[in-house]
Amino acid sequence: MPLWVAHRGAGRLAPENTLAAFRLGAAHGYRAFECDVKLSSDSVPFLLHDATLDRTTPERGVVQEKEIG
């Protein structure tokens with residue numbers, strides 16, 4: 001049986017690197033998921049692929065320069 005890996009979840013069917021994307025990917029038969037973890041400036045881990053927040057959030061700037069916690 002082949003192993004199908006979903007990159008960041010369910011592609012364009014749900015927001016990437018979210019539980020919704022992973023659940024939807026699983027519903028489509030994916031059994032492994034690749035996700036990206038970044039650290040904020042106050043060392044809080046969170047899922048995000050890009051180095052900046054610009055593409056996927058209304059915020060702007062470099063991820064590692066932002067405080068989350």
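This is a predicted model: local features need pLDDT of at least 70, side-chain atom pairs count only at pLDDT 80 or more; totals for chains, interfaces and linings use all residues.
Reader: Is N17 buried or exposed, and which residues does N17 touch?

Author: Buried means under 20% relative accessible area, exposed over 50%, and partly exposed in between (1.4 Å probe, protein chains only). N17 has a relative accessibility of 6% and therefore counts as buried. Contact means heavy atoms within 4.5 Å, and, not counting residues up to four places away in sequence, N17 touches R8, F22, E34, C35, D36, L47, L48 and H49.

Reader: Which residues of helix 1 are buried, and which are exposed on the other side?

Author: In helix 1 (residues 19-27), the buried residues are A21, F22 and G25. They lie on the same side of helix 1 because they cover an arc of only 100° around the axis, where the arc is that of the directions from the helix axis to the C-beta atoms. On the other side of helix 1, L19, R23 and A27 are exposed. The cover over the buried residues of helix 1 includes strand 2 (32-34) and strand 4 (45-47), and the helix is followed by G29, whose phi is positive, near 100°.

Reader: Where is L47 placed, and with which residues is L47 in contact?

Author: L47 belongs to strand 4 and is partly exposed, with a relative accessible area of 36%. Leaving aside neighbours within four places in sequence, L47 is in contact with N17, F22, C35, D36 and V37.

Reader: How many aromatic pairs does the structure hold?

Author: A pair of aromatic rings is described by the distance of the centres and the angle of the planes. Rings of Phe, Tyr and Trp (its six-membered ring) pair if their centres lie within 6.5 Å, and planes under 30 degrees apart count as stacked, over 60 as edge-to-face and the rest as tilted. The structure holds 1 aromatic pair: the ring centres of F22 and F33 are 5.3 Å apart and their planes stand at 55°, so the pair is tilted. Because F22 lies in helix 1 and F33 in strand 2, the pair ties together parts that are 11 residues apart in sequence.

Notes: Residues are numbered from 1 along each chain as its sequence is written. Side-chain values use heavy atoms; hydrogens and water are left out. Helices (H or I, at least four residues) and strands (E, at least two) are DSSP runs, numbered from the N terminus.
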